[in-house]
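Please look at the sequence and the model first.

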Amino acid sequence: MIRKAILIRYARSLAEVAVEAGAEPVVSAQIAQAASVAGTVPEFMAVMRNPVVPVSLKDSIATGLARHFAFHPFVAEFLRLLVKHHRMIHLGAIHDLYRLEVDRLRGVARTRVVSSHPLDAAHQEKLALGLRQTLGRDVVLDVAENPDLLGGLRLEGAGQVFDGTVRRQLDRL
């Protein structure tokens, strides 16, 4: 398996170029679209994985994909670069890392919030404000529900987890 550090270099390079050019929202959507194709069309990935298929043919397929979806030139060239270096099979992971790199460049902390019940807008804003003050940067909340938690919140972000759920307290007993 390829080291994550190598994939981060690809993601970081694309993120830096896209943010600097002001094309990040378009690039992000199009990389997600290309990753979706790679993940849902088994023949696409079979060709990209196959060492017998010439790189020139793989390049033509990537170029055709970019042309079909009218991808931004950054995305089209990025896909060709991935083909050239035999990294196209890691496109999904690179896209995930790309989102993290864009957040880092923008000074945004993405935090996943899991609650046992729906959080209304007021609670979400209060939580985001508290996190913003604690972390010293903007916060984007990804909110989800899980009734099995019974009560409380679970926060995940920046490699840390805060589990203040009733389920966690019961499990500790």
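## Two parallel strands

T111 stands opposite L141 in β2, and eight bridges join strand β1 (residues 108-115) to strand β2 (residues 138-145), the two running parallel. Strands here are DSSP runs of E with at least two residues, and helices are runs of H or I with at least four, numbered from the N terminus; two strands pair if DSSP finds at least two bridges between them.

This is a predicted model, in which local features need pLDDT of at least 70 and side-chain atom pairs count only at pLDDT 80 or more, while totals for chains, interfaces and linings use all residues. Residues are numbered from 1 along each chain as its sequence is written, and side-chain values use heavy atoms, with hydrogens and water left out.

## Helix α6

The end C-alpha atoms of helix α6 (residues 91-106) are 22 Å apart, which agrees with the 22 Å that its 16 residues should span at 1.5 Å a residue, the expected span being 1.5 Å times one less than the number of residues. After α6 comes G107, with a positive phi near 70°.
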